[in-house]
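The sequence and structure are shown first.

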Amino acid sequence: MIDVRGAAPLPDWLDQLTASGPAPLAGVATPLHDVRHAVAQGITTCCNSEGNEGCITDMKLQKRIMAGRAGVLLLRRRVVLIAHLRRCCADRPTAVPR
């Protein structure tokens, strides 16, 4: 659904998950069913925060790795380098397909 940005199968998928899925997933499916219109909106629109979340995660990771050992200039260079690598390698798969 997310790859093709189509939410048409969402209600049926949630019903199947609630009925026959593992207990933890069924527990998540019930609240999602109540707000399925918002979930469908998030799936179908291109306006979401996934790009920002990735940048924030990168910055937090660098901050934790270099905590107390690096100045602002080094942290800035590392964050810029990671952003550059994310852009130029975005079309490459992160894992080797099996």
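A crossing of two helices is called left-handed if the near helix is turned anticlockwise from the far one by less than a right angle, and right-handed if clockwise. The crossing of H1 and H2 is left-handed by this criterion. The model is a predicted one.

## Overall architecture

The protein chain contains five helices and zero strands. Read from the N terminus, its elements follow the order α-α-α-α-α.

The chain has 98 residues, of which 12% count as buried. Its exposed surface comes to about 8,000 Å², with 62% supplied by carbon and sulfur atoms. For contacts between residues at least 6 apart in sequence, 42% join residues at least 24 apart.

## The nonpolar core

Seven residues form the largest nonpolar core: Ala7, Leu10, Leu14, Leu17, Ala29, Ala40 and Ile43. Helix H1 (10–20) and helix H3 (36–44) are the elements that each give two or more residues to this core. H1 gives the most, with three residues.

Leu10 belongs to this core. Apart from neighbours within four places in sequence, Leu10 is in contact with Met1, Arg36, Val39 and Ala40.

## Packing of H1 and H2

The axes of H1 and helix H2 (residues 23–34) lie 8 Å apart, and the two helices pack at an angle of about 140 degrees. H1 and H2 are therefore oblique to each other.

On the H1 side, the contact is made by Leu14, Asp15, Leu17 and Thr18. H2 contributes Leu25, Ala26, Ala29, Thr30, Leu32 and His33. Leu14, Leu17 and Ala29 are also among the residues of the largest nonpolar core.

Methods
Residues numbered from 1 in each chain as written. Predicted model: local features only at pLDDT ≥ 70, side-chain atom pairs only at ≥ 80, totals over all residues. Heavy atoms only, no water. Helix = DSSP H or I, 4+ residues; strand = E, 2+ residues; numbered from the N terminus. Buried < 20%, exposed > 50% of the residue type's maximum accessible area, 1.4 Å probe, protein only. Contact = heavy atoms within 4.5 Å. Areas by Shrake-Rupley, 256 points an atom, 1.4 Å probe, with all protein chains shown as cover. Core = buried A, V, L, I, M, F, W, Y, C linked by side-chain atoms within 4.5 Å. Axes fitted to C-alpha atoms, helices over the stretch in contact; angles between N-to-C directions. Parallel < 35°, antiparallel > 145°, perpendicular 65-115°, else oblique.
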